[in-house]
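Student: Could you show me how to read a few features of a protein model, taking each general idea before the case itself?

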Amino acid sequence: MSNDIYQEFSLFYDDFTGRYVSGTPIFFEIPLQFFGYTYDKDAGPLLDLGCGTGDLAIYYAEQGFEVTGVDLSESMLKVARAKLSRKNLKNIRFLQQDIVELDLEPGFAYIHSKSTFFHLNPEQLRKVFKNCWRLLKPEGILMFEVITTYGLQESCNGISRRHTNHIFNSKGIFNSLDNTGVLNYEFIFDDGRSYTVSLTVNGYNIRDVIPLLAEAGFRNVRAFDFSKPFVFKEGVPEVVPPSVLSETTPAMMVCAKKDQQS
Ligand SMILES: C[S@@+](CC[C@H](N)C(=O)[O-])C[C@H]1O[C@@H](n2cnc3c(N)ncnc32)[C@H](O)[C@@H]1O
């Protein structure tokens, strides 16, 4: 990134997200299982768009997937590569690319993007969905997250949370004309360090994303509410069905290329 907003963030990013990422395969396996899709390393390679510090990409590689992790930030990739150097994994590569202008050969069975599409404005998101369609195999599956407008407004109104070794505060200014927010994150670590990070965040309601997906070719879109803890009933995750998913929560969306309607 010419102006790498993750330069300083990369130094402590894992302290912030570690609780979500470490040991939580639920981010991929459960939504797929819930919607009746397969989670199969033999189906083909997996692409992680906006792989950041690489935890999910490395997790998939450890599961046996052939993984490509793409990110624009050299500082985030540096952390990812340092982690990788401590592993004995040959089935993963990290590439510095803009996900809006991807230069990759098609043939992915899965594309997963976690906590990244909020960086994209609608025009960029439109291009990314088109890239995803082009890069997926005919049976391929795309899975990604959006921050809903409501979720963004909540963050702008102010959130304060205690994490393992720091306090996280978020506050910002929401612009209802284009559903963006300029968020200021503050991290106050127990050891005295403190950081502030300012991010422009694009909020997307599910109804706004679906036409962009449809334009790319994805027509049968399933949404998964991951804002609440997962509850299991007889081993099956109980989640909010897509039809009643509110517009008010962060949402993970899943679509399979083969599910397109003619
Ligand atoms: C919040 S981090 C998420 C990282 C990782 N997926 C995770 O869940 O921890 C967002 C990432 O998206 C990357 N990113 C933002 N815009 C991008 C773009 N246009 N192309 C590639 N990466 C981008 C940032 O550099 C950053 O690493």
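Predicted model: local features only at pLDDT ≥ 70, side-chain atom pairs only at ≥ 80, totals over all residues.

Tutor: Residues are numbered from 1 along each chain as its sequence is written.

Student: Is valine 146 buried or exposed, and why?

Tutor: A residue is buried if 20 or more other C-beta atoms, placed from the backbone, lie within 10 Å of its own, and exposed if 12 or fewer do. Valine 146 counts as buried because it has 25 C-beta neighbours inside 10 Å, and 36% of the 262 residues of the protein count as buried.

Student: Which residues is valine 146 in contact with, leaving aside its neighbours within four places in sequence?

Tutor: Contact requires C-beta atoms, placed from the backbone, to lie within 7 Å. Valine 146, which has its place in strand 5 (residues 136-146; a strand is a DSSP run of E, at least two residues), is in contact with Phe117, Phe118, Tyr204, Val209, Ala251 and Met253.

Student: How many bridges join strand 2 to strand 3?

Tutor: Two strands pair if DSSP finds at least two bridges between them. Strand 2 (residues 67-71) and strand 3 (residues 92-96) run parallel and are joined by 5 bridges, and valine 70 has leucine 95 in strand 3 as its bridge partner.

Student: Which residues are closest to the ligand?

Tutor: A residue is near a molecule if its C-beta atom, placed from the backbone, lies within 6 Å of it. The ligand is surrounded by 17 residues, the closest being Gly50, Gly52, Leu72, Ser73 and Lys114.

Technical notes:
Helix = DSSP H or I, 4+ residues; strand = E, 2+ residues; numbered from the N terminus. Contact = placed C-beta atoms within 7 Å.
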